[in-house]
Amino acid sequence: MIYTMDQIFVLLQHWLMGMLPAALQPIAGILLGVAAIVCLFPALFALTTVFERKGLARIQNRIGPNRVGPLGILQPVADGIKSLTKEDIVPLSADAAVHFLAPLVLVVAVFMGFAVLPMGRNMVLVDMDAGLLFFFAMGASTELAVFMAGWSSRNKYSLLGAMRAVAQMISYEVPLLMSSVAVVMIAGSLSLTKIVEAQNHYTWGLPHWYIFTPWGLAGFLMYAIATTAETNRSPFDLPEGESELVAGYHTEYSGFKFALFFLGEYLAMFSISGLGTTLFLGGWSAPFSFLGWVPSWFWFFSKMMLSIFVFIWMRGTLPRLRQDQLMNFAWKFVLPLTLVNLMVTVLWRFLGEGWQRWVFCSAILVLAYAAMGLAGMRRGHFGPRRYRYAE
Amino acid sequence: MSIAFYLIAALTVAGGLAAVLLKNTVHCALALTVAFAGLALFFLQLDAQFAGFAQILVYIGAVAILVVFAILLTRGSETPKDGVFSKNWFVGLVIAAGVFAVLGWAVLQSGHVLPHETAVPVVTVLQIGNALMGRYVLPLEIVALLLTAAMIGAVIVALHEKESAK
Amino acid sequence: MAHILWLVPALPIVAAGVIALLKQPRRKTAAALAIGSLSLSLLLSLAAFVPVVLTWAYGRGIRSTTNFTWFQVGAAHVDLGWVLDPLSAIMLVMVSFVGLLIFIYSTGYMAGDENFTRFFCFMSLFAGAMLGVVIANSLLLLFMCWELVGLTSYLLIGFWYQKPSASAAAKKAFITTRVGDIFFLLGMVWLFSQTGTLLLYNNGTGSLEAGALAGLLAQPAALGLSAAGAIGLLIFAGAAGKSGQFPLHVWLPDAMEGPTPVSALIHAATMVAAGVYLVARVYPLMQAGALSGGTTTALTVVTWAGASTAVFAALIAVAQNDIKRILAYSTISQLGYMMAGLGMGGIAVGIFHLITHAFFKALLFLGAGSVIHGCHGEQDVRRMGGLKVDMPLTFITYSIGMLALCGFPLLFSGFWSKDGILEAARHWSIARTPFYMLLFGALLTAFYMTRQICYVFFGYWRGGKPAHESPAVMTLPLVILALFAMGLGVIGTPAWPWFQAFLDGRALVFNLHVFTRPALILLMGASTIVVFLGLGLGWRLYGGQAPRPEEPDVLERALPAPWGWLRDKLYVDELYAVTVIAFYGWWARVADWLDRRVWGGAVAVVAWAFGLWAQLNRFLDNSVVDGSFDKGCEELGVGGGLLARAQNGRVQTYLRILALGVIALVVVLIWSSRI
Amino acid sequence: MTPLSGYLIVAALLFSIGLAGALTRRNAILVLIGIELMLNAANLNLIAFWRYGPHPEALTGMMFAIFSIAVAAAEAAVGLGLVISIHRHAHTTDLDRMNRMKG
């Protein structure tokens, strides 16, 4: 029973495939998987929008959407209908082809990422040997889409937004990779399923998630920061800082294309927090061994949604950074720390079992964090803003 | 020769041609990325998963962006009045054609000695990692050094002018 | 212990090296380094000294050497090494201890000098070299350190090189000692040629051991000397140079131009004693084949030189007015005593006086330094006086040193050591003259020291600014040294001749009955009388009232002519000026003339010839070579211009050519593969 | 026509296209793009030969390709940096106007 609950989607897929001739079955399996993803995540996106709006409203002491449907649950439906029926405006001077392609490329590239995420036991579309690499490759190609959007719609705000976005994405991609490489070094594989398997053990009922090790914790924090910047979420949402440039690179998009951008952004959030879950939070493995009976996919999605919630929470809490602060933070704080973290991981790997490695690794990390933080503060690279008034 | 091969080849060559022929420099850059993607697909088709993904990561993720940035920084995107092709472009074209003729001829000549379909090699990332850390560790180090040097060099080359301007 | 003995000299030398690298203002570091290293050396020396004493007490072999080959030329190999025996052990302790005290003193004395660090660099280099001299077991090593010592002495005398007198004195010291060193070198070479080794002791094969000595004795040299004796005399010449024996003493008084601690360390306690030590080291060489009465020609020469120097220097000291010069001459005369003691009484006698003298003469010099310091750099005794009130501590210690130097009976070390020498002189088999000379010397010593004391400490203040007592860092060493100057005599009394026994490796016997021996009583009485005579005379003349600077000295009023001679140091310098230096000057002029006229002319002729040849070549060049060459250049220029066309600075052109090259290459490859 | 030769032909075509671009375009960046294309054609050759060569398990060609990708990245970075700084100097990226180095 438990097994069936756990494997229900897999079984479903097999059952459906069973109705087809053997020749088509591989293709059919893939198609089914793709279809599932393509249906599931946009739905999730719809839910998340309303969830976010309500959450922000709570934080800002409002009520939020509450007109459409009970408690405004159906708000996203209304939004969807609106954006579909809205007139699609393309600026006259815009570069039609690129302007048209940009959102498509973005969404496609983002969707690709889900292909390698294990969303549950045996629930991965393609179990690639170099899954992580694939994921990052796809993530890298979204930057191009953003640029295309910004450049093609001949508008200096869009262009500025695009430039900002691309610069920011590139500079935060480095710590993102670095912090994931630490996991790869310990798990000894680029395949995400193997990484999850490696974390799926328990001692005294507690899981062996990587976040519960010094390097894992540090890596996870770095990863979280990097992802926030990668997905242009606040406090790193300069690319679409409404106060400065109207809406960043999708200023000139309206109607369905705009919706696509919106979708792409949230999908990116989903996929990247899914990856974080897989790398550091033990993927679909249960937090306590006695909870093993709960289906694995439930754990995956709940963890993912949890990190989504954190995203929203930060958005509601933190103010936006300045461009130079952003860059300094990336290159002078996050990157060095990830490098230190790599070294520490190596140490952890070769120090062998025993309490020493806990002490040493944590000590090194804490010291590095403190030293770099203080140095940065003193030089004013980051830290509290200093306001300069016009003379 | 499978259908996939022809499709990918068409895509890649089209991308390449566009990258060379288009008037708008940014379009060229985008077309270039198409060509890169096609090559990545080629690699995948040739069972070189790792190389393919590396290709995407490096070229589409980094080089294309670099090119685009360079274009914007040099305001090269607006097309110059006096044509995008250099004065005696014809000579260049002829030479390129000559090169292609020679290469193609060579390939076709040696067609009979080339090996035929062989067994699909299974290459795990683990093997690649072992190779990189074992047999090819020296080149790896050298490449790492080279990349560092290149990074510093690029930064200095791009920064120097501003410094002196201050 | 013996095998790490090399650390003792090595430490200060290393310290010197480090200090040399320090920056000028790092004064404290420099002083700390120097003093620390030297105190370490002192500890090591003590650690070396104790076992030697113990082994001697148990009557076992008390000489341990460590040798190694430095380099090898064919069959002959040059060995270096160090020896640990009573002689070196005692010298080690003495040098490092006195040196340490003087270092501490210098921190106070040189406090105001801006070249503080340089000073300490040189000082500790000197200390290291001197310790090296002491432990050397090979004449070569000894010679190296010897030269190092000479160099540092030169550097330190000329420390205030701004003063022309100082630099002149430095040069003088260097050159004069060099004269002796040449003899030393000669002796060394000769020794090497004879024995094939420069090691002193090398369990049986050393040059000072029976086998070699026998060989040397068999070798007759000129005027009835055996090779051993001749070599010994040559080496003695070197020693005389260093420790200012009669003909070569002239540099020592001028050496007082250096800072006072330098005078105390180098020109009183240690370096000048190095000569004596050297003679003691090679004593077997001189003693070899002793005639009846245990003396040889070489030893006789040593004795006469020593005795004459003792009297001669004492005489000059009487008429000096510079506080340090008086002490310098007394040093010379005391060194004479030591030499004489070596010549007549053997190692123990000479070295005992060396040790005691080292302490009280260092004390005197430091006291003088303290006086000079107190009187703001005044050195003329006639401009001092009445200081016993202003600087009581200095006065007490100084007078202790003075009494020790005079050999005041029973209480002071100088008495016993000098007595040993006198006794030896009395029993000398050759002649009695040295005995009386030395007695006379003792009288003079007592006299001039009293004179100096009266000038400096008694009477009333005749200088400018009133004097003040020196800081504790300077007076403390004085006190310590004073204690030793008094107490050290105990270890060498005739009743309990520990020192002598230790040096000669004899068993130690204690009996008070020696004092009942009439001979000894007589001798001690004689020296006592002499001393008191000297003191009394001095007090009688100067005690009441020392004359003020402008008016002539008391003695001068009495007998002006001899006083004049003495004041002018018996005209030795002038003698040298008219003989040696004049000769050198003449020879230099000759060489100069030769240079200008003869060689210069030759060179000029050659140069002219070459000039001619060059003219010829130029003609050839202009007419023949250049013509063709220019043509060639034009051709090349034209060709280059043509080629430069191709280089039109267009990248793409180059690229095209490259591509063409590719095509050609592929075609060629394929053709070649075809055939 | 074996599959390998097919890949080789495509590679040669790409190479020639890149060369043509490098030879005919004015914009220095476009020339760089052409060179990148040529490099990639070479990579394709490497991979193809690795795949159809006698010893694919030795990974030689693959490694060669990976290294050449890394080197190409460096080359692009430096090349573009040079172009930018030239643009700062001469305010043009037109190669025909950049002939100061003429002999």
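Trainee: Where is Asp95(A) found?
Mentor: In this predicted model, Asp95(A) lies in the loop that runs between helix 3 (75–85) and helix 4 (96–113) of chain A.

Trainee: And is Asp95(A) buried or exposed?
Mentor: Asp95(A) is buried, because 20 other C-beta atoms lie within 10 Å, and a residue counts as buried when that number is 20 or more.

Trainee: What separates the C-alpha atoms of Asp95(A) and Ala149(A)?
Mentor: Their C-alpha atoms are separated by 9.6 Å, although Asp95(A) and Ala149(A) are 54 residues apart along the chain.

Trainee: Switching topic, at what angle do helix 4 of chain B and helix 26 of chain C pack?
Mentor: Helix 4 (residues 89–109) of chain B and helix 26 (residues 651–674) of chain C pack at about 25 degrees, and their axes are 10 Å apart. These two helices are therefore roughly parallel to each other, since angles under 35 degrees count as roughly parallel, and helix 4 of chain B passes helix 26 of chain C in a left-handed crossing.

Trainee: Which residues meet there?
Mentor: Among them are Ile95(B), Val99(B) and Leu103(B) from helix 4 of chain B, and Leu660(C), Ile663(C) and Val667(C) from helix 26 of chain C. The residues of this contact divide into 13 nonpolar, 4 polar and 1 charged.

Trainee: How many residues does the contact of chain D with chain B take?
Mentor: That contact takes 64 residues from chain D and 74 residues from chain B. On the side of chain D that touches chain B, the largest share, 21 residues, comes from helix 3 of chain D, and the residues of that side divide into 42 nonpolar, 14 polar and 8 charged.

Methods
Residues are numbered from 1 along each chain as its sequence is written. Chains are lettered from A and ligands numbered from 1 in the order in which they are written. This is a predicted model: local features need pLDDT of at least 70, side-chain atom pairs count only at pLDDT 80 or more; totals for chains, interfaces and linings use all residues. Axes are lines fitted to C-alpha atoms, for helices over the stretch in contact, and angles run from 0 to 180 degrees between N-to-C directions. Helices (H or I, at least four residues) and strands (E, at least two) are DSSP runs, numbered from the N terminus. Angles under 35 degrees count as roughly parallel, over 145 as roughly antiparallel, 65 to 115 as roughly perpendicular and the rest as oblique. A crossing is left-handed if the near helix is turned anticlockwise from the far one by less than a right angle, and right-handed if clockwise. Two residues are in contact if their C-beta atoms, placed from the backbone, lie within 7 Å. Ala, Val, Leu, Ile, Met, Phe, Trp, Tyr, Cys and Pro count as nonpolar, Asp, Glu, Lys and Arg as charged, and the others, Gly among them, as polar. A residue is buried if 20 or more other C-beta atoms lie within 10 Å of its own, exposed if 12 or fewer, and partly exposed in between; C-beta atoms are placed from the backbone.
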